Each structure stands twice: as structure tokens, then as C-alpha cells.
Amino acid sequence: MTPMTAMPPATTNSLTDVPGFRVGHAAVPGPGALSGTTVVLAPPGGAVAGVAVRGGGPGTRETDALDPKNVVERIDAVVLTGGSAFGLDAAGGVMAWLEEQGRGVRVGPEPHQVVPVVPAACVFDLGRGGAWRARPDASVGRAAAEAAGTEVAEGNVGAGTGAVVGGVKGGVGTASVRLASGATVAALAVVNAVGSPVDPHTGVLYGEYGAGPLRIPAADVHAAAQERIARSRERMGLPPLNTTLAVVATDAPLSRPQALKLAETSHDGLARAIRPVHLMHDGDTVFALASGAHGSPGNGPLSPEELNEVLAAGADVVARAIVRGVRAAESIDGREGPGGTFPSYRDLYGS
């Protein structure tokens, strides 16, 4: 099997390299707000989906619908949101928008008689901008759905607006890979973890080990950066409440159990890029979506070798998406107001 790190990224190195998928972001408006919502829209007709939750403090909605033993065959969107459990209200806005498009599970004879199934998961970012009640609601979710397109912004956007990872500013990142079979596997991550993405011994991002030549920061730069990270973590207080979320998408033809397996194995990407991970104060959740557009009815299911390629790629693109989210994030300076101060990796170590 060809190592995934040797595979080139697809066209834009983003989740929307998987044909038909769209991504939209929206931020909570107003002063003191540092939160938002990200929506991943599946192609028309929906996608086979699975989910795996490995953090000890998850906040989710409609994830039971993705269990292969249950009735829902395909879903039309996944919502990733800030605001902790309050922010799950954003999914209602996405449901309303999908209903207007006639998308969802048909429950009556008329085209408009649908119930959209919109799984969602949240990160903890309450109060990071200074206003405790500045969190996503249905209007923010609708705005993210309406904004969905093929260009995927990274960093301090959507659900990554208030993300923090190990005392460093986190954010949204995305990555993709084109497999030898021609199938595409891509990921979008919201990086907001208790653990750190930065090796404290070197300053290198964990997710970059094994991915190519390393750029080791100078010793004095690293020492100064570690001091600032320590102060940032101290200001956040203990225990920190976080969560990293990811959506992995592919056009490979996966069954529902295979989509579940992809969600499970893609968690390995979190473990490569953040240490420690899956703690009691994380709610780490990975969704997997498969459109099946790369397959054809005459080809039948994936062979074990082809499925293994997809599973391995899922973990790889999640790790790369986390690295990109950390590198794209911008510092937040709340020293003049009630919000927090969170330095970015780029400001600590350079580009």
C-alpha cells in the first residue's frame, strides 16, 4: 500500500475537492462575540454517513440517527458549532433552510413534506470573546448554510472563530488527497483541544512529523513561545473545556458500516496531531460522509485493499487539516477588554 503522505493533495487541498460537497461559515455578530458555526453540505441526494465520538465530554445532536442499525440512509448536512451545547441550536436554522430546498427524509406525498436529518456537534468556546451569551443560534446556522460554496476559508472562521488548542489559537483547517484509484478523501477540522499541537521540546507541530522536511524553530524563539503559551494556558484556568471536531468526506462508494469505520479510524489523525487527545474535558467527534459518486452500479463494493486506502487516507487528511487550522489561525488580543488573549502559532514561531 502506498503511504498516504506520498499522495498528492487534490485540486484545492480542501474538503470541497470531493465533488458536490459545499462548506459555509458564519460568525456570531456583535461585540464580545468569539464564536460561530460551520456547515458541511452533502451533494443533492445526500451522503451515507457515520460518526465516532471518543472524547469524554461530547455535545452532539442527531448522532444516533447515523447508527447503521437505524432507519436514516443518507443525510444532507453536518453542523459544527461553537457555543457548547447552547450552540447546537444552529442546527435548527440549517434544518429550516434544507426544508425550503425540499431536502430531507421524505415523510409525505408532497415534495415539501421532508424532515432534514442534521447531525451536529459543538466545541466549548463560551465567554472567549467576553460575552457569555454570544453564541450561535438558528440564525447563525442558516447564515452558514446560505454561505456554503466551494471555497473554504481557514483559521478564525465559523466554528473555529473562538477555538483554542493547548493555549494556542486554534481554528478551521482542511485538506484533501487523491488516491491511486481516482477517489478523493478530504477533511475539515475545528481545532479546539485540551491537548497541544506543539511539541514542547522542539516547537514543531506534531502533525508535521513524518510529513516531509521539518523546520525546527531556533532555540530562543522556541523558549519565548513556550513562555507565552504557558501564560495563555494559565489565564484560561483549569480544567479547560474544549473539543476537536472533524468531517471526513469521500466520493468512494461506502456502506453505512464502512462510513462508521472511516469515522473511527480517522480519529487516528487527531492522535497524530494533538497530544494528549480524547480526554474527559474533550468531546472529540468525527463524522464521515460518502457520496459514492466515484463508484458505479456495475463495479460492486470496494475491495478490502481499496477500503483500506480510504481508511488510511481519512486519518492522514485529518492530521493535515489540524496542522493547517493551527497555521491559519490568527492571534486574539483581549488585553483591552474582557475577552481572552490567545497567541497564534504563526505569531509565536513565524510563518
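Student: What makes Glu154 and Arg324 a salt bridge?
Tutor: Their closest N and O atoms are 2.9 Å apart. A salt bridge needs a side-chain nitrogen of Lys or Arg within 4 Å of a carboxyl oxygen of Asp or Glu. Glu154 is in the loop between helix 2 (138–146) and strand 9 (164–165), and Arg324 is in helix 5 (residues 304–328), so the pair links distant parts of the chain, 170 residues apart. Helices (H or I, at least four residues) and strands (E, at least two) are DSSP runs, numbered from the N terminus.

Student: What should I know about the model and its numbering?
Tutor: This is a predicted model, where local features need pLDDT of at least 70, side-chain atom pairs count only at pLDDT 80 or more, and totals for chains, interfaces and linings use all residues. Residues are numbered from 1 along each chain as its sequence is written, and side-chain values use heavy atoms, leaving out hydrogens and water.

Student: Why is Glu154 called partly exposed?
Tutor: Its relative accessible area is 25%. Buried means under 20%, exposed over 50%, and partly exposed in between (1.4 Å probe, protein chains only).

Student: Are Arg103 and Asp76 buried or exposed?
Tutor: Arg103 has 16% and Asp76 has 9%. Both values are under 20%, so both residues are buried. They also form a salt bridge, with the closest N and O atoms 3.2 Å apart. Arg103 lies in the loop between helix 1 (90–100) and strand 6, and Asp76 in the loop between strand 4 and strand 5, so the pair ties together parts that are 27 residues apart in sequence.

Student: How do you know that Asp316 and Arg320 meet in a salt bridge?
Tutor: Their N to O distance is 3.7 Å. That is within 4 Å, so the pair counts. Both lie in helix 5, four residues apart, about one turn of the helix. Asp316 is buried, at 6%.

Student: How many salt bridges are there by this rule?
Tutor: Nine. Glu100, Arg142 and Glu146 are linked in a network of them.

Student: What makes strand 13 largely enclosed?
Tutor: Six of the six residues of strand 13 (residues 245–250) are buried, so the rest of the structure largely encloses this strand. Leu245, Val247 and Ala249 point one way, and Ala246, Val248 and Thr250 the other way.

Student: How do you know that strand 13 pairs with strand 12?
Tutor: Two strands pair if DSSP finds at least two bridges between them. Six bridges join strand 12 (residues 184–190) to strand 13, so they pair, and they run antiparallel. Val190 stands opposite Leu245. Six bridges also join strand 13 to strand 14 (residues 285–290), and those two run parallel.

Student: What makes Arg135 sit over the ring of Phe86?
Tutor: The rule asks for NZ of Lys or CZ of Arg within 6 Å of the ring centre and within 35 degrees of the ring normal. The charged end of Arg135 is 3.6 Å from the centre, so the distance is within 6 Å.

Student: Why is Val107 called exposed?
Tutor: Its relative accessible area is 57%. That is over 50%, so Val107 is exposed. Val107 lies in the loop between strand 6 (105–106) and strand 7 (114–115).
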